Amino acid sequence: MNITTFDLGDDHYGVIAITIALGKITYSEGNVSFEPSPSPDRPASPLVPAFFVIGDSTADCGTNNFLGTLARADRSPYGRDFDTHRPTGRFSNGRIVVDYLAIRLGLPFVPPFLGQSGRIEDMIHGLNYASAAAGIIFSSGSDLGQHISLTQQIQQVSDTFQQLALFLGEATAADLISRSIFYISIGSNDFIHYYLNNASGVQDLYPPWEFNQLLAGTLQQELKNLYNANVRKVVIMGLGPIGCTPHYLWQYGSKDGECVEAINSVIVGFNAAMNDMVVELNEKLPGAKMAFCDAFNASMNILDNRRLFGFETTTRACCGLGWYGGLITCLVPEMACSDASTHVWWDEFHPTDTVNQILADDVWSSIHTEICFPTNLKDMVTLDPG
């Protein structure tokens, strides 16, 4: 029997270091943290105590496996290029952005909240609350079935904090939370499954600018709730170019793969509202260290320089049917291309593992494009570790 010690990332946690006698922790869906394959990007020891993830299918690592919904990625060929070579609930052929960031932070891949048992070893390095089809607005994505909305995810975070306080004591838990990284990637479904569909006549009630302000204001309040729970370090991801996804290229009949600018212009407006919100929160909340990362600009850099990044196509999904692979989403292995690394898009909405790594590199240290303001994640954790 092995003795496993949970490293909380700082010597002063030694007084409450948790040592548990058990066999080596290995990956099992929805259960415990999974140690990824060895990587030169992994530091010798964790840079932060924990990594917490809130969001939608861009960050879901298995939440929706537990729900009654069409928005699930628990079938092949999803996950075929992941470390385990099997589906995990990630909407990609392999890793997603938060997996690459976990490696950079020196942490295991973060397990889904719904899969953990409530034991301290399941949550000590963080949890992932993200749920595919979730939006900032409660009802966004409801047409696909069950999901965990933003408000519900924040409640789950609160439940986790209470459990940490019980296990570690209130002061130690508060310190762990304040030094941990929180990553939020949400908003696409408020457009894909709500605004762009004009659900409930929303476009008549809210022109694009006002709708974006509504979304930013709603998320701002949830960020204040997190701040009041001692959260200080937050990465807020903007939206990528939804108008360039295979689904909308097909739906709008793009002739030569041109993006749908009418959609992208709305997304650019959303990202601007999110950036302004982050600036305001950093100014008003003492000790807050929040960063906005513009996934749109990072993605457009990839699309505009596809050969530089080694992509053969920027328009067709690796897995899907119809023009651009945007008519029917990825359902069976026979629908998938042989080499996803040559594609920007994995399915009708989600990027491939290769793109996710590029985006993570930019979030971490602006390797390809400077997209995070006022700071990237590396500087957030290394220049101000407290």
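Residues are numbered from 1 along each chain as its sequence is written, and side-chain values use heavy atoms, with hydrogens and water left out. Because the model is predicted, local features need pLDDT of at least 70 and side-chain atom pairs count only at pLDDT 80 or more, whereas totals for chains, interfaces and linings use all residues.

**Exercise 1.** Describe the largest nonpolar core and the surroundings of leucine 223.

Solution. A nonpolar core is a set of buried Ala, Val, Leu, Ile, Met, Phe, Trp, Tyr and Cys residues joined through side-chain atoms within 4.5 Å, where buried means under 20% relative accessible area, exposed over 50%, and partly exposed in between (1.4 Å probe, protein chains only). The largest such core has 102 residues, and those with the most contacts inside it are Phe51, Tyr183, Phe191, Leu223 and Leu377. Helix 9, residues 261-284, gives the most to this core, with nine residues; helices here are DSSP runs (H or I, at least four residues), as are strands (E, at least two), numbered from the N terminus. Once neighbours within four places in sequence are left aside, leucine 223 is in contact (heavy atoms within 4.5 Å) with Ile184, Val234, Ile236, Met277, Leu281 and Met290.

**Exercise 2.** Determine whether serine 57 is buried or exposed, and find its polar partner.

Solution. Serine 57 sits in the loop between strand 3 (51-55) and helix 1 (97-105). Its relative accessible area is 8%, so serine 57 is buried.

**Exercise 3.** Compare the accessibility of alanine 317 and leucine 321.

Solution. Alanine 317 lies in the loop between helix 11 and helix 12, and leucine 321 is found in the loop between helix 11 and helix 12. Alanine 317 is buried because its relative accessible area is 2%, whereas leucine 321, at 41%, counts as partly exposed. The C-alpha atoms of alanine 317 and tryptophan 345 are separated by 4.7 Å, although the two residues are 28 residues apart along the chain.
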